[in-house]
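Dear colleague,

Here is the structure I promised to hand over.

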Amino acid sequence: MQLRRLGQSDLWITPVAMGCWPIAGITSVDVTEAESLATLRAAFDAGINFFDTAYAYGFEGESERMIGRVLADQREDVIIASKCGIHWEQGKQVKDARPDTIRREFEESLRRLGTDYIDLYYLHAPDPQTPISDSAGALRELLEAGSVRAVGVSNFHQVEWMDEFQAVCPITASQPHYNILQRDIEADRLPWCRAHEVSVVVYWPLMKGFLAGKLPRNHQWDPKDGRQKYPVFQGEQWERTHDFLDRLKVLAAQVSCSVAQLVIAWTIRQPGITAALCGAKRPAQIQETAEAMHIVLDENVMQGIAEAIAARGEVDNRSAV
Ligand SMILES: NC(=O)c1ccc[n+]([C@@H]2O[C@H](COP(=O)([O-])OP(=O)(O)OC[C@H]3O[C@@H](n4cnc5c(N)ncnc54)[C@H](OP(=O)(O)O)[C@@H]3O)[C@@H](O)[C@H]2O)c1
């Protein structure tokens, strides 16, 4: 399996990355520390070298701390991405990307991760109260000091924001949400990134687990499971996506893989998509999605997937965020 270059940097990553939000246990149910640590270890053992976390993954930085504990001995062998500019206050996420805040969060993330540099450091989201150029300036300082090896942006919904940021600080990667049914970035942000040689590293490639194809039609939601509030997990949207997954099951059987693997293999094959951030909270989940790096989809299967997407129709992005 070939590593892929992140933007124009000297960082080389696996196209399947481990998304380290579920292990923070805020929206996922039944998360235990022992299983989370084992999941991180399983990701590394399965060949994944790219780990995605953030200052705000966990009310007290649990995700970064666990990465620090599990991967300390492999520090040179892994690419750690973290993010600044969002924190928690009384159970609510707050955007604050003022330069002083970024510098403080960065130092704290270093301590939690037990490292003295971060490979890829993102602005988690633009802060409406802070000019993008000010946030970019703080990240540029970290880059110039060698404290971070590359800078990224996340949740930049407009290309104008990318231009504004890039005018101050070079962008190596952009992190939008994207999956086989939610592809609006293909209209503008993806072409922008390709034109500027910026990597696109996508989140929610499994649509929060729906596209793993394991939630039954009559799934009974745990009251604490945060997903049920989204329209895509309800009513007609739920049924239509299940019809889509039924078609994918037939195609997956042809490739001798699972639906989750088919979906991730399709995602990392899309032009301009450098990596898919696959969230997991159990070792078996990341072991399964990691296998997608090795799956080759032939043109017949790609055609079958295209027909299944056309029959389903794209999902309105607003129904899943
Ligand atoms: N930049 C941002 O603002 C932003 C926002 C969101 C996420 N992210 C990043 O993107 C990553 C991915 O997002 P995500 O973790 O929310 O969602 P995701 O990758 O679309 O889905 C992950 C969930 O799918 C289920 N799953 C995963 N593998 C599975 C398998 N093999 N079989 C069955 N179920 C499986 C698990 O949930 P269950 O077991 O509970 O069903 C898991 O928690 C995050 O971890 C984070 O690193 C970034």
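Helices (H or I, at least four residues) and strands (E, at least two) are taken as DSSP runs and numbered from the N terminus. By that numbering, Leu262 belongs to helix α8. Please bear in mind that this is a predicted model, in which local features need pLDDT of at least 70 and side-chain atom pairs count only at pLDDT 80 or more, while totals for chains, interfaces and linings use all residues. Residues are numbered from 1 along each chain as its sequence is written.

To stay with Leu262 for a moment, this residue counts as buried because it has 26 C-beta neighbours inside 10 Å; the term buried requires 20 or more other C-beta atoms within 10 Å of a residue's own, exposed means 12 or fewer, and partly exposed lies in between, with C-beta atoms placed from the backbone. Leaving aside neighbours within four places in sequence, Leu262 is in contact with Leu248, Leu251, Ala252, Val255 and Cys257, where contact means that the two C-beta atoms, placed from the backbone, lie within 7 Å.

Of its 101 residues, Val16, Ala17, Met18, Phe51, Leu120 and Cys278 touch the most other members. Val16, not counting residues up to four places away in sequence, touches a set of residues that includes Ile48, Ile264, Ile268 and Cys278. In soluble globular proteins, nonpolar side chains tend to be buried together.

The 13 residues of α4 (residues 132-144) should span 18 Å at 1.5 Å a residue, and the end C-alpha atoms are 18 Å apart, which agrees; the expected span is 1.5 Å times one less than the number of residues. The buried residues of α4 are Ile132, Ser135, Ala136, Ala138, Leu139 and Leu142. They cover an arc of only 155° around the axis, which puts them on the same side of α4, the arc being that of the directions from the helix axis to the C-beta atoms. These buried residues pack against α3 (99-113), β8 (118-123), β9 (148-154) and α5 (159-166). Just after α4, Gly146 takes a positive phi of about 80°.

As for β8, 6 of its 6 residues are buried, so this strand is largely enclosed by the rest of the structure. Strand β8 pairs in the parallel sense with β5 (residues 79-84) over 4 bridges and, also in the parallel sense, with β9 over 5 bridges, two strands being paired if DSSP finds at least two bridges between them. Tyr121 in β8 is the bridge partner of Ser82, while Gly152 in β9 is the bridge partner of Tyr122. Together β8, α4 and β9 make a right-handed β-α-β unit, meaning that, with the strands pointing away from the viewer, the path from the first strand over the helix to the second runs clockwise.

Finally, Glu35 lies in helix α1 (residues 33-45) and is partly exposed, with 16 other C-beta atoms within 10 Å. Glu35 and Lys281 are 246 residues apart in sequence, yet 6.9 Å apart in space, C-alpha to C-alpha.

With best regards

Methods: A nonpolar core is a set of buried Ala, Val, Leu, Ile, Met, Phe, Trp, Tyr and Cys residues joined through C-beta atoms within 7 Å.
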